[in-house]
Amino acid sequence: HPDIRNQIVYFKDLLHGRSGPYDDCGHGTHVCGIIAGNGKASNGKYAGMASAASLIVLKVLGKHGEGNVEDVLSGIRWVLENHRKYRIRIANLSVGAGLELDEEKERKLLAAVEAMWDAGIAVIVSAGNLGPGEGTITIPGNSKKVITVGAMERTGRLMEHSGRGPTDSCVVKPDIITEGQKVISCNYLYMEQKNGRNYFPYSIKSGTSMATPVVSGAAALYFSK
């Protein structure tokens with residue numbers, strides 16, 4: 001997408017080993033646009049939060065938005081091994097495992113995100129969309145150390161499906177909520193043409209996955225100061 005093309009300084013495909021940035025789902029492109037889109041396709045109207053930020057993109061989700069803990073852990077290990085080389089200050093995780101995740105995988109995932117935090121990286125994680133019941137924060141958003149983001153409607157109310165605390169260890173979550181309803185960002189199909197159809201450069205998505213990069217972009221602006 002032209003809004004993020006120049007912002008991507010590194011891309012790694014942990015699923016298929018393909019070289020060069022690509023997106024077969026749309027989730028990642030939308031998230032990246034919220035963080036750092038420069039609004040080129042709209043003359044700045046739909047720029048992201050921190051349009052001068054650099055993006056290191058690790059693909060860990062499949063074409064239907066599905067994933068597994070092992071691939072996410074591989075991505076986190078890469079960050080821990082390379083964060084100094086690429087000067088990574090923020091890790092945006094618009095992903096979350098369900099509450100039925102087995103204890104061993106949960107322990108490994110929590111340990112991994114907390115290792116990033118201990119390495120000096122601001123880890124910003126979605127609260128998940130399993131609400132509105134209590135104790136519905138997805139993993140690893142239930143970590144004590146990370147910044148867990150819930151989503152609110154444009155009216156200021158918490159969105160119905162945004163994950164809610166407390167966690168099993170009685171930690172109050174989410175840490176912060178911000179707008180996550182009908183967020184406009186980059187459409188991954190924009191540069192493609194299918195069946196003679198041209199796609200609009202932007203699409204609308206809702207959820208905590210969209211609220212999380214709003215906070216990550218704000219963190220990038222804070223660090224830039």
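Read along the sequence, the protein chain of this predicted model follows the pattern β-α-β-α-β-α-β-β-β-β-β-β-β-α, with 4 helices and 10 strands, where helices (H or I, at least four residues) and strands (E, at least two) are DSSP runs numbered from the N terminus. The radius of gyration, taken over C-alpha atoms, is 17 Å, close to the 17 Å that the globule rule (2.2 Å times the number of residues to the power 0.38) gives for 225 residues, so the chain is as compact as a globular protein of that length. Residues are numbered from 1 along each chain as its sequence is written. Local features need pLDDT of at least 70 and side-chain atom pairs count only at pLDDT 80 or more, whereas totals for chains, interfaces and linings use all residues, and side-chain values use heavy atoms, with hydrogens and water left out.

Of the 225 residues, 48% count as buried, a term that stands for under 20% relative accessible area, with exposed over 50% and partly exposed in between (1.4 Å probe, protein chains only). Among contacts (heavy atoms within 4.5 Å) with a separation of 6 or more, 74% come from residues 24 or more positions apart.

Aromatic rings of Phe, Tyr and Trp (its six-membered ring) pair if their centres lie within 6.5 Å, and planes under 30 degrees apart count as stacked, over 60 as edge-to-face and the rest as tilted; by this rule the count comes to 7 aromatic pairs. The ring centres of Phe-200 and Tyr-202 are 6.2 Å apart with planes at 70°, so this pair is edge-to-face. Phe-200 is exposed, with a relative accessible area of 55%, whereas Tyr-202 is buried, at 6%. One aromatic cluster is formed by Tyr-10, Trp-78 and Tyr-86.
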